[in-house]
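Take a look at the chain below.

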Amino acid sequence: IESFRCEVSHFDPATEGRNTLLATIWLNANSYLIEKREVYLEGQGPINTHFADYRYVKNLPFAFQIENYQDEQLLAHVRLEKVQINPGTLDLFFELR
């Protein structure tokens, strides 16, 4: 298995079943990091987002390259150069106790 496919749907309590598919997410089978996300918009084609070049910053993974496509057309290409996590905020606010 190269990746896991996860489907995100609206849950309809009246029928106790899936109703509307909202998104599909592919997770890398080894790292569990998101490789691809497909978001379904009503009345439009899906928006596909590809995540790559993961780097760890303070033990948290960040995709430094993100691309968005719709109908195979590139909408946006984001390349991060640097990530700062909560600059100016003390780490103790985020420690589990």
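A residue counts as buried under 20% relative accessible area, as exposed over 50%, and as partly exposed in between. Arg 55 has a relative accessible area of 38%, so Arg 55 is partly exposed. Keep in mind that this is a predicted model.

Start with the charged pairs. A salt bridge here needs a side-chain nitrogen of Lys or Arg within 4 Å of a carboxyl oxygen of Asp or Glu. The count by this rule is 2 salt bridges.

One of them joins Arg 55 to Asp 53. Their closest N and O atoms lie 2.8 Å apart. Asp 53 is partly exposed, because its relative accessibility is 38%.

Arg 5 and Glu 7 also form a salt bridge. Here the closest N and O atoms are 3.1 Å apart. How do the two partners stand towards the surface, buried or exposed? Arg 5 reaches 52% relative accessibility, so Arg 5 counts as exposed. Glu 7 has a relative accessible area of 37%, so Glu 7 is partly exposed.

Now turn to the backbone. Go back to Asp 53, which sits in strand S4, residues 47-57. Its phi is near 55°. That is a positive value in a residue other than glycine.

Where is Glu 72 found? Glu 72 lies in the loop between strand S5 (60-70) and strand S6 (73-79). Glu 72 is not a glycine either, yet its phi is positive, at about 65°. The relative accessible area of Glu 72 is 79%, so this residue is exposed.

Notes. Residues are numbered from 1 along each chain as its sequence is written. This is a predicted model: local features need pLDDT of at least 70, side-chain atom pairs count only at pLDDT 80 or more; totals for chains, interfaces and linings use all residues. Side-chain values use heavy atoms; hydrogens and water are left out. Buried means under 20% relative accessible area, exposed over 50%, partly exposed in between (1.4 Å probe, protein chains only). Helices (H or I, at least four residues) and strands (E, at least two) are DSSP runs, numbered from the N terminus.
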